[in-house]
Amino acid sequence: MAKQGLFVGLITLDFIYSVNTYPHKNQKIVASNYSVVAGGPATNAAVTFNSLGNPSTLLGVLGSHPLTQLIRADLQYYNVNLVDLDPTRLEAPPVSSIIVTPETGDRMVVSINATKSQVSNFSNLPQFLDNIDIILIDGHQIPMSQIIIQQAKTQKIPIILDGGSWKPGLETILPHITYAICSNAFYPPNCQTSEDVFNYLKALNIPYIAITQGEKPIEYATLKEGSGKISVPTIQAIDTLGAGDIFHGAFCHFILSQNFTTALAESAKIAAQSCQHFGTRQWIQFWEN
């Protein structure tokens, strides 16, 4: 039976360009490919979760600006249920411009996060957690996440943190997280090494912690089952954009039926597959279960 996931956080519009080399100052270049899709950590994770066979609901702020139609169309195509907490918002959604070089898989991103699109009115916040099996929070909507967490605790729904980078307010959320899956750019206050990060998160009694490191092994630690490393597939990446988001969406899928280390390993396979294709959606049509 398919499981249902709730994904809470950032919704953007991503313009992705594939180029042979990065432009120099005052230089114009022609892209070899491009893509226009919905983006943001929670958004890409929701698409991934759904593409692996599970209903997903994305909870965030979008509004009624004309640009939001492009986002809605992409989410509808991938069957993601969108719950817009500020449907009358007139401002443009956050937009990201991304340049990718296939030769190395590296990317450059210019973006505006959810700072200007925080939910300010919770008076009509509905109950979202009926039949929800897992929740992912990306840290871009802290006040909203706090309310969701309080609801989730009463129903004992596991909560995953996408720790891409440290964001003010996360300290109020972390004590309630079941799985903290962080990148190697996630540094809480006074943390300078991965060991510092593990110690910080362990002190909060988070049961399961992992730090992804790109092509390097995933490091993990648990409160009861010890720690270790998990190798990731060796590939020739052509686009690493969204790999972490896709990893998190895959983890939400696998952790519902696998143990922690197996879920990490299987999620790494999905993320590696995504890096071998341009953009954040192309990998889906090539994935074989």
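Guide: Gladly! The largest pocket is lined by 50 residues, and those nearest its centre are Arg107, Thr240, Gly242, Ala243 and Gly244. A pocket here is an open set of points on a 1 Å grid over the protein atoms alone, where a 1.4 Å probe fits and protein lies on both sides within 12 Å along at least five of seven lines; lining residues have an atom within 4 Å of a point. This is a predicted model, in which local features need pLDDT of at least 70 and side-chain atom pairs count only at pLDDT 80 or more, while totals for chains, interfaces and linings use all residues. Residues are numbered from 1 along each chain as its sequence is written, and side-chain values use heavy atoms, with hydrogens and water left out.

The volume of the largest pocket is about 1,300 Å³, taken as the space filled by probe spheres set on the grid points, which are joined across faces, edges and corners. Helix 5 (residues 243-254) gives the most to this lining, with five residues. Helices are DSSP runs of H or I with at least four residues, strands are E runs of at least two, and both are numbered from the N terminus. By type, the lining has 19 nonpolar, 23 polar and eight charged residues. Here Ala, Val, Leu, Ile, Met, Phe, Trp, Tyr, Cys and Pro count as nonpolar, Asp, Glu, Lys and Arg as charged, and the others, Gly among them, as polar.

Now to the charged side chains. The structure holds four salt bridges, each a side-chain nitrogen of Lys or Arg within 4 Å of a carboxyl oxygen of Asp or Glu. One of them joins arginine 72 and aspartate 84, at 3.3 Å from N to O. Arginine 72 sits in helix 2 (residues 68-77) and aspartate 84 in strand 5 (residues 80-84), so this pair ties together parts that are twelve residues apart in sequence. Arginine 72 is partly exposed at 28% relative accessible area, whereas aspartate 84 is buried at 15%. Buried means under 20%, exposed over 50% and partly exposed in between, with a 1.4 Å probe and protein chains only.

Another salt bridge links lysine 269 to glutamate 266, with the closest N and O atoms 3.1 Å apart. Both lie in helix 6 (residues 260-275), three residues apart, about one turn of the helix.

Lysine 167, in the loop between strand 9 (159-163) and strand 10 (179-183), is buried yet has no salt bridge.

Methods
Lys, Arg positive; Asp, Glu negative; His and termini not counted.
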